[in-house]
Number of protein chains: 4
Amino acid sequence: MSCFQVRTDLALEARESIGKAEEELRGVAVEEYDREEIQVHITKVVISSKNGAKAMNKPMGSYITLEAPAMQEADEDYHREISEELAGQIRSIIPGAETEQSILVVGLGNRDVTADALGPGVVDNLLVTRHIVREYGKAAYNKERMNMVSGIVPGVMAATGMEAAEIVRGVVDQTEPDLVIVVDALAARSTKRLNRTIQVTDTGIQPGSGVGNHRNALTKDSLGVPVIAIGVPTVVDAATIVGDAISKMESETGEQMRMFRPDRIRTMTELNNMYVTGKNIDEIIKRLSYTISEALNIAFEL
Amino acid sequence: MSCFQVRTDLALEARESIGKAEEELRGVAVEEYDREEIQVHITKVVISSKNGAKAMNKPMGSYITLEAPAMQEADEDYHREISEELAGQIRSIIPGAETEQSILVVGLGNRDVTADALGPGVVDNLLVTRHIVREYGKAAYNKERMNMVSGIVPGVMAATGMEAAEIVRGVVDQTEPDLVIVVDALAARSTKRLNRTIQVTDTGIQPGSGVGNHRNALTKDSLGVPVIAIGVPTVVDAATIVGDAISKMESETGEQMRMFRPDRIRTMTELNNMYVTGKNIDEIIKRLSYTISEALNIAFEL
Amino acid sequence: MSCFQVRTDLALEARESIGKAEEELRGVAVEEYDREEIQVHITKVVISSKNGAKAMNKPMGSYITLEAPAMQEADEDYHREISEELAGQIRSIIPGAETEQSILVVGLGNRDVTADALGPGVVDNLLVTRHIVREYGKAAYNKERMNMVSGIVPGVMAATGMEAAEIVRGVVDQTEPDLVIVVDALAARSTKRLNRTIQVTDTGIQPGSGVGNHRNALTKDSLGVPVIAIGVPTVVDAATIVGDAISKMESETGEQMRMFRPDRIRTMTELNNMYVTGKNIDEIIKRLSYTISEALNIAFEL
Amino acid sequence: MSCFQVRTDLALEARESIGKAEEELRGVAVEEYDREEIQVHITKVVISSKNGAKAMNKPMGSYITLEAPAMQEADEDYHREISEELAGQIRSIIPGAETEQSILVVGLGNRDVTADALGPGVVDNLLVTRHIVREYGKAAYNKERMNMVSGIVPGVMAATGMEAAEIVRGVVDQTEPDLVIVVDALAARSTKRLNRTIQVTDTGIQPGSGVGNHRNALTKDSLGVPVIAIGVPTVVDAATIVGDAISKMESETGEQMRMFRPDRIRTMTELNNMYVTGKNIDEIIKRLSYTISEALNIAFEL
């Protein structure tokens, strides 16, 4: 399960741990605003220096986060207003968004594990057009300009024996898209971000929090074309949640406990390879998948 | 999701919290042994008095627990040796197991949430025979004696608008089985029981830990026929795990924290309606479902 | 698989085989019109006498058919215009549609066989409200008047050992809805109706084309409350198609073949228990399910 | 849906249309025998000349067919005896079957269309080992010699926008297996082969009946490594079935009809893009998938 092998943190959370003065010093630009009419809070973090990347423990690039509490709730048209806002944000970091191009959408994760089925769900709902345009031309859509959209769900290593990155590299080499968009379920540091936060970044997917395992990277470096990653935190690492709960109780009670880092908690307890998720996660994933696939469908229209 | 609405504790865990002297005093008989050749540890708890029921916070009846760590691992024939042992234990508490009867197997839980899909998975793999025996007679199976087996997956209230118990009562009234067997994913108090423990009890399903909400009960009282419940803990309540982690760290570090009960943790933090489960839960549920359905298929042979 | 055990013909097709004079004589009233702006052709057949029922080989009652060729094609909002028209037609035969009531929607068919998964798909997308209204009142929806909607997928006899009708009767007895709506995939007599025709009738489901097997009936008689059936033909019996092809070739070639009835064809060939369906049936069923569930959601609003 | 875009005939059926004398003349060797103890009839057709390939309308190579009527019926251990026989036949045409190698299994077809879900089902049940051997070595399996097995379900063009062959070529280029095994649902010419016949061939997959469309080929030529194809006919083209029914009735009645070829029938009727399949196809596909994946698991053991 990609979201669990990889500790994919939100830039938003990384940023909370460094001070504002440090931000400016280090080449980390932050912009925040509310889209009140649709109740979405947007944060853009741009890391433009190596120092900034080091401070944030994130690669250089843009990170756009939409916080939309409404996403957790049912909605007749699957929160189309959020899809539209997200589409705009995605277009803002697609290189040459106005030009016709070929785009491959990759749905990472495990279709058989509810909290990890976001990526596959998005590809299921995606409007793929590449085969039609190639066979019948743009006329099939009565359009003069069309992107060619394709989609793949590479599956998880336990089921395929291959890393998702191997499969994606192969497909990129064969079909030569101009852009890859990767959708994945993420792990957050706290439950308060869960299922309500969408992160869009032009830095692709960095396995192992950018530390180490570059075999698995899905980035411009590894694929040869720009890679945009879209992620929603759907789980929290169980050890992290224990640590967070302890901190919270410390601050609320004033009582002092020795602070345990998740690593320590993991070894002391049996929480390794365990994660925390919500009880109505099936409905939430179904809705989130639809909201994001609609955003992509809108963003890909020319 | 039934396993999460209902705090279904294991009798095994309930028993750990009371002393041995108290056990004997109160009419709680415990028998334990190992089936070494198949690496299964069996515990039988019989609660025969109201005092015992109160001490254990469990209704009077028999609770058989198989602890089989091997179940967590892949196996070519889905741990047939465990299926056979489990079949024997199930038969030991089926009233009139040697007599032909009509048996309804109920698979509680939510097919769309991996950790809660155990019950539906068991019914999917079950050998149902009722319709064949009714239409063609036992001759269809070349047998002189046959049980008539039927199965139902009532679904979850969020999807049906009805309590599983309403649906099951209706089906029992219409089809008049002699026995109901309910299979469900349970919540354990600690991760060490997860996915390796099967509990079989003749007390049925007690919503709200037997306290209160009898609308949801699936018991001899509510259905009018004996009800055997088979459960496997596949999740731990997130607040429980935080509490457990704190206790463990206290005892390991010698450091004293104010002990928090799960209720307190739940209100102080955001862990309400959250649960903890393992990362390869899809494969585990697939295997467990097969092991239990095979056990039922074996137990139902005459 | 319900649609295949039961030879559910369309009233529309039954009517094509009798003359117009006979219609009037026998108490069969037919009304036809086009809703041009949404490209839907509507036919209402009302059978008001026993003679009419005999001539049509259908029980007395109303049969409304929407022919909507567009349904076979992809559409951004799942043909909402058809959902709205269908909602109106459904309301027109719901007894007391303006009154608050409790409605049970039954999704017949087999989730695991694509062409038969229409009923389950409709229930999956349905807005169920009964449990919320019962627990929190209509206030939960900010409404003064609400129907209480519940849904069930009884499954197929091969999987449950029970007839769908047994399960539905049990659920109706327990939950006492005022109205039952049954959704099912049908068998048509020719491929030209396939996946583009929706039939709504107040006569419920008549197993065995109304001839015989009343064990399986889902009607006002068998359930005690009004039953509306909604069906879409998604398959054609293979023997029927051979017979139809022969007739068509006879008339086109002028060549005379001895006309074979499907029964004869079935015994002469190996077409028993075989059916014909289209190649992109998965996408069609997904869309149809959504169109019908939306129609129900609209029809149930007060 | 791969099985329907591609008219994949069985060599067995191709052979029935040419005479025995012609066979010998043309370099088509046929061997037939019964494995009576397991009720399997085996036919090996070896086409060794271009003339033979032309007469058979099949590429040069070996075609092994197992006819096993029992496969249509339920069986406790999923017809392990057939899995074992099939494993032996597969090994007989794996180049260097005794040598350690890396094998990629490709499950063609559409997971969402029951009759076409054979390939995906086989990969789901497959024992994949490549990732374990690469990470932990053969020691993880306590073996000195191990094949490295991987599996992929490329999906259908309507869902991915890409040809399955593009995806497979990409994965082969990246992961460099020594051998590719492709599993697919086939179209047969008559219902009598349906779901009871397994064809194994070393010629790979030839789209468009080997005539023409080489974009889609999955062969040694297109992939650069040996390709073994395993197929089971699960559908019959609807127009073919009409033609067959007519022939059969002609011969049984002695009555003469003008014989129609499927092409003609297709244009005269509405049977284009329609197929015929059996009513319990879900259970059959589930069983067949398991029988074949077990055969592969056995064949891959060293």
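1. Contacts of Asn297(C). In this predicted model, Asn297(C) touches Asn125(C), Leu126(C) and Leu127(C), leaving out residues up to four places away in sequence. Asn297(C) sits in helix H13 of chain C. Is the residue buried or exposed? Asn297(C) has a relative accessible area of 15%. The cut-off for buried is under 20%, so Asn297(C) counts as buried.

2. Helix H6 (residues 118-125) and helix H13 (residues 281-299) of chain A pack with their axes within 8 Å. The axes cross at roughly 50 degrees. H6(A) and H13(A) are therefore oblique to each other. Their crossing is right-handed.

3. Who meets whom in that pair. From H6(A), the residues involved are Leu118(A), Gly121(A), Val122(A) and Asn125(A). They meet Ile285(A), Leu288(A), Ser289(A), Tyr290(A), Ile292(A), Ser293(A), Leu296(A) and Asn297(A) in H13(A). An α-helix has 3.6 residues a turn, so residues three or four places apart point the same way.

4. Helix H6 in chain D. How many of the eight residues of H6(D) are buried? Six are, and the helix is mostly covered. The buried ones are Leu118(D), Gly119(D), Pro120(D), Gly121(D), Val122(D) and Val123(D). Their cover includes four strands of chain D: E4 (102-107), E5 (148-152), E6 (179-188) and E8 (227-237). Helix H13 (281-299) of chain D is also part of that cover.

5. Leu296(D). Which residues does Leu296(D) contact beyond its neighbours within four places in sequence? They are Ile90(D), Val105(D), Val122(D), Leu126(D), Ile181(D), Val183(D) and Ile230(D). Val122(D) is also among the buried residues of H6(D).

6. Nonpolar cores. The largest nonpolar core has 93 residues. Within it, Ile181(C), Leu296(C), Ile181(D) and Leu296(D) have the most contacts. Helix H13 (residues 281-299) of chain C gives this core its largest share, nine residues. A second, separate core has 92 residues. Ile228(A), Ile93(B), Val200(B) and Val232(B) are included in that second core.

7. Gly109(C). This glycine lies in the loop between strand E4 (102-107) and helix H6 (118-125) of chain C. Where does Ala185(C) lie relative to Gly109(C)? The two are 76 residues apart in sequence, yet 7.0 Å apart in space, C-alpha to C-alpha.

8. Symmetry of chains B and D. Two copies of a chain are related by a rotation about an axis and a shift along it. Here, a rotation of 180 degrees with 0.0 Å of shift along its axis puts chain B onto chain D, with an RMSD of 0.0 Å. That is the relation of a two-fold axis. In chain B, Asp77(B) has the C-alpha nearest the axis, 4.5 Å from it. Both copies use the same surface: 86% of the contact residues of chain B recur in chain D.

9. Chain A overall. Chain A has 13 helices and nine strands. How much of its 302 residues counts as buried? The share is 60%. Contacts in chain A also span the sequence. Among those between residues at least 6 apart, 72% join residues at least 24 apart. The H6(A) and H13(A) contacts, such as those involving Leu118(A) and Leu296(A), come from the helices at residues 118-125 and 281-299.

Conventions: Residues are numbered from 1 along each chain as its sequence is written. Chains are lettered from A and ligands numbered from 1 in the order in which they are written. This is a predicted model: local features need pLDDT of at least 70, side-chain atom pairs count only at pLDDT 80 or more; totals for chains, interfaces and linings use all residues. Side-chain values use heavy atoms; hydrogens and water are left out. A nonpolar core is a set of buried Ala, Val, Leu, Ile, Met, Phe, Trp, Tyr and Cys residues joined through side-chain atoms within 4.5 Å. Buried means under 20% relative accessible area, exposed over 50%, partly exposed in between (1.4 Å probe, protein chains only). Helices (H or I, at least four residues) and strands (E, at least two) are DSSP runs, numbered from the N terminus. Contact means heavy atoms within 4.5 Å. Copies are superposed by least squares on the C-alpha atoms of residues with pLDDT of at least 70 in both. Axes are lines fitted to C-alpha atoms, for helices over the stretch in contact, and angles run from 0 to 180 degrees between N-to-C directions. Angles under 35 degrees count as roughly parallel, over 145 as roughly antiparallel, 65 to 115 as roughly perpendicular and the rest as oblique. A crossing is left-handed if the near helix is turned anticlockwise from the far one by less than a right angle, and right-handed if clockwise.
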